[in-house]
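The following exercises concern a single protein chain.

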Amino acid sequence: MNTGSNKPGEAAVAADRTGTDEATAERALGSRAPEFVKARRALHLSWQVGVFVVGLAVVVAGIIMLPLPGPGWVVIFGGMAIWATEFVWAQLVLRWTKRKVTEAAQRALDPRVRRRNIILTSIGVVIIAVLAGIYLWKFGLEMPWKIKDQ
């Protein structure tokens, strides 16, 4: 049996999480830098600058991906997760965002909300189909710009 240790007589022990409430189950706020980095002020400061720059690059890439092809919001939240490894404010923002997304997912599973969303989507599709039909009836398959004249 693999106990997680190469030394005889040692066994890996899993933490017992029974009886803990939701607040203690979450990770504590603060830096997750290695201890040898936290022990030296200059090294910790440069670590924080590095984490900030990498997180900023990822967030900026996500913002660029919003109008362009790519998973913009996923990348932005990835950058926030990078920041959350070091900065308390980012950890709080990420926890708030996770809570709101979970609440929205739970609301979306409500049958009344699902029915309303299906009805609104159907109405939107019908409106778009009617507008496309009016356009085709009035102009045909001809595009509004004249490429032949150029």
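**Exercise 1.** Determine whether glutamate 103 is buried, partly exposed or exposed.

*Solution.* The structure is a predicted model. In this model, the relative accessibility of glutamate 103 is 34%. A residue is buried under 20%, exposed over 50%, and partly exposed in between. Glutamate 103 therefore counts as partly exposed.

**Exercise 2.** Identify the salt-bridge partner of glutamate 103 and describe how the two residues are placed.

*Solution.* Step 1: the partner is lysine 100, and the closest N and O atoms are 3.7 Å apart. This meets the criterion, because a salt bridge requires a side-chain nitrogen of Lys or Arg within 4 Å of a carboxyl oxygen of Asp or Glu.
Step 1: both residues lie in helix H5, and since they are three residues apart, about one helical turn separates them.
Step 2: lysine 100 has a relative accessible area of 38%, so this residue is partly exposed.

**Exercise 3.** How many salt bridges does a search of the whole structure find? Describe the one formed by arginine 112.

*Solution.* Step 1: the search finds two salt bridges.
Step 1: arginine 112 pairs with aspartate 110, with 3.7 Å between the closest N and O atoms.
Step 2: arginine 112 is exposed, at a relative accessible area of 61%, whereas aspartate 110 is partly exposed, at 25%.

**Exercise 4.** Classify the arrangement of helices H3 and H4 from their axes.

*Solution.* Step 1: two packed helices are described by the angle and the distance between their axes.
Step 1: the axes of H3 and H4 (residues 72–84) come within 7 Å and cross at roughly 170 degrees. H3 is therefore roughly antiparallel to H4, because angles over 145 degrees fall into that class.
Step 2: the contact involves residues of H3, including Phe52, Gly55 and Val59, and residues of H4, including Val75, Gly79 and Trp83.

**Exercise 5.** Which helix gives the most to the nonpolar surface patch?

*Solution.* Step 1: the patch includes Leu45, Phe52, Ile64 and Trp89, and its residues together have about 860 Å² of accessible area.
Step 1: the elements that give two or more residues are H3 (41–65) and H5 (88–108). H3 gives the most, with seven residues.
Step 2: isoleucine 64 belongs to H3 and is partly exposed, with a relative accessible area of 46%.

**Exercise 6.** Is alanine 84 buried or exposed?

*Solution.* Alanine 84, a residue of helix H4, has a relative accessibility of 9% and so counts as buried.

Key
Residues are numbered from 1 along each chain as its sequence is written. This is a predicted model: local features need pLDDT of at least 70, side-chain atom pairs count only at pLDDT 80 or more; totals for chains, interfaces and linings use all residues. Side-chain values use heavy atoms; hydrogens and water are left out. Patches are made of residues with over 30% relative accessible area and no salt bridge: like charges are joined within 9 Å, nonpolar side chains (Val, Leu, Ile, Met, Phe, Trp, Tyr) within 5 Å. Accessible areas come from the Shrake-Rupley method with a 1.4 Å probe; for residues, only the protein chains shown count as cover. Helices (H or I, at least four residues) and strands (E, at least two) are DSSP runs, numbered from the N terminus. Buried means under 20% relative accessible area, exposed over 50%, partly exposed in between (1.4 Å probe, protein chains only). Axes are lines fitted to C-alpha atoms, for helices over the stretch in contact, and angles run from 0 to 180 degrees between N-to-C directions. Angles under 35 degrees count as roughly parallel, over 145 as roughly antiparallel, 65 to 115 as roughly perpendicular and the rest as oblique. Contact means heavy atoms within 4.5 Å.
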